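Good morning, colleagues. Please look at the structure on the screen while I go through several of its local features.

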Amino acid sequence: MDVDMEDEASDALRQDLTCPVCKSIFDDPVTLPCTHSFCRACLQASGQVNKTCPVCRELFTDDKAVGNRVLKNACETFATQTQRRSPPRPSEFSCALHFKPLELFCEWDERPVCVDCATLHGTHHLLSVKDGVPLCKSDLNEKVECFERKIESFEKMRQKFVKSAEYIEQQAGEAEDQIKTEFERLRNFLRAEENRRLEALATEKEQKIMNMQEKICRTEEDLKSLHEHVETLKKGLDCEDLPLLMNFQNIKIQTHWTRSLPQFEPNSLLLMSKHVGSLGFNIWKSMKDCVQYYPVVLDPNTASPWLSLTPNLTGITESPERLSIPDNSDRFDPCVFVLGAEGYSSGKHKWEVTVHDNPKWIVGVCKKSVARKKMFTVSTSAGVWAIRLSKGVYSALMKEPKELQVNSRPEKIRVRLNMDRGEVSFYDGIAEKHLVTVTFKLEKSETLYPIFGPGLQSTPMTIEPGKVTIHT
């Protein structure tokens, strides 16, 4: 047998002993029921998701992949015999198995193959290289467009995050100014309170010391007079018997004494309990006149971009233009609402809202899960229990909306929320008149938040401060 025939036979045998997956001589070959053989590792890797033959796509189970000892021995013998000969080195654009030009494209495996590989891809759709290039380019162009869209989306989100970071800086600056202003106001109050108490102490001290000085002066005068009396008596005692008797009545008259011993008057000393008794508590108690308590404060992170909140978060006004604020997930947009900062899951709660003479508004409570990023009909099914004024009609948002009859337009709405009984009641805060009570049912884990819809009016909607009392 000449060399060329031997090489052809060797190539044919190599093809028969080559794994169709890795294109190398079989390593620990296994055979499937469809008679196709593969390296055990190649079969496990290719069949991780779907247990199908990599060549014919026939389904199989792990127990059907049987080790092929005969094929393994043949591969080992072939490898031993061909160790002395170096196999031909395929070019970059030739088949690694058959060393022939890559002239076809397998659409199923998405790779180029030679004409001799066609038998290994019998059930696959094979195209010419010329026809396969547009197909791959189209697929890659779609991926380019997809990634460009992703880049655009990611860039928009990056810009939003940058603006949000700037907004956080702005929020921190505003909060810092508010904190400093409030503490300076409280410090001014404390300084004024300190001066007032020190002045009261100084006044009482001066008065009490003046009283003591007067007593000291009178007592010193009495002491001087008593000393003089003693001297007079001693001189009389030194007289002879008859002169003593003759001057006895005169001496008694001269030394007559009717004044009593000076005594401490009540409250002669400083009233220390008045000045320092429970000092911290009394100062704190006096501060209630300079502080305000709001049962509800607004959450600016939920406010519509068309709403402007007062610095103390208790007033809402319409913004003449859309505010440049982050579109965070909690913010109402496009609906024009804002929520209270604190939610309630139990207990009784009360707050009052001044709506003035605005022709349109909504006041009530809502679930935390209420829609934020889409328009919705305000109703109990949307998780809102409230009363509203719209087109001159007052109505309560119940399972079936109920029109309310009012004698005069209420400018202050009082809200009483009883979470334990599942009720929210509304009153005319000025006339002290009950308007309506709405009932609701919630899951135990659900929370209700105050909700306010000022209706884009120029007159502000404000939350009234609560009454502060101190019980001891």
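Helix α5 bends by about 50° at Asn247; the bend is the angle between axes fitted to the seven residues ending there and the seven starting there. Helices here are DSSP runs of H or I with at least four residues, strands are runs of E with at least two, and both are numbered from the N terminus. This is a predicted model, in which local features need pLDDT of at least 70, side-chain atom pairs count only at pLDDT 80 or more, and totals for chains, interfaces and linings use all residues. Residues are numbered from 1 along each chain as its sequence is written, and side-chain values use heavy atoms, with hydrogens and water left out.

I turn now to the backbone. Most residues other than glycine have a negative phi, and most peptide bonds are trans. Where does Glu110 lie? Glu110 sits in the loop between β4 (104-106) and β5 (111-113), and its phi is positive, near 55°. Glu110 is also exposed, with a relative accessible area of 57%; exposed means over 50%, buried under 20% and partly exposed in between, with a 1.4 Å probe and protein chains only.

Glu432, in the loop between β16 (423-428) and β17 (433-439), likewise has a positive phi, near 55°. Glu432 is exposed, at 52% relative accessible area.

The peptide bond from Asp333 to Pro334 is cis, with omega near 25°. Pro334 belongs to the loop between β8 (315-318) and β9 (338-339).

Finally, Met272 is found in helix α6 (residues 272-276) and is partly exposed, with a relative accessible area of 47%.
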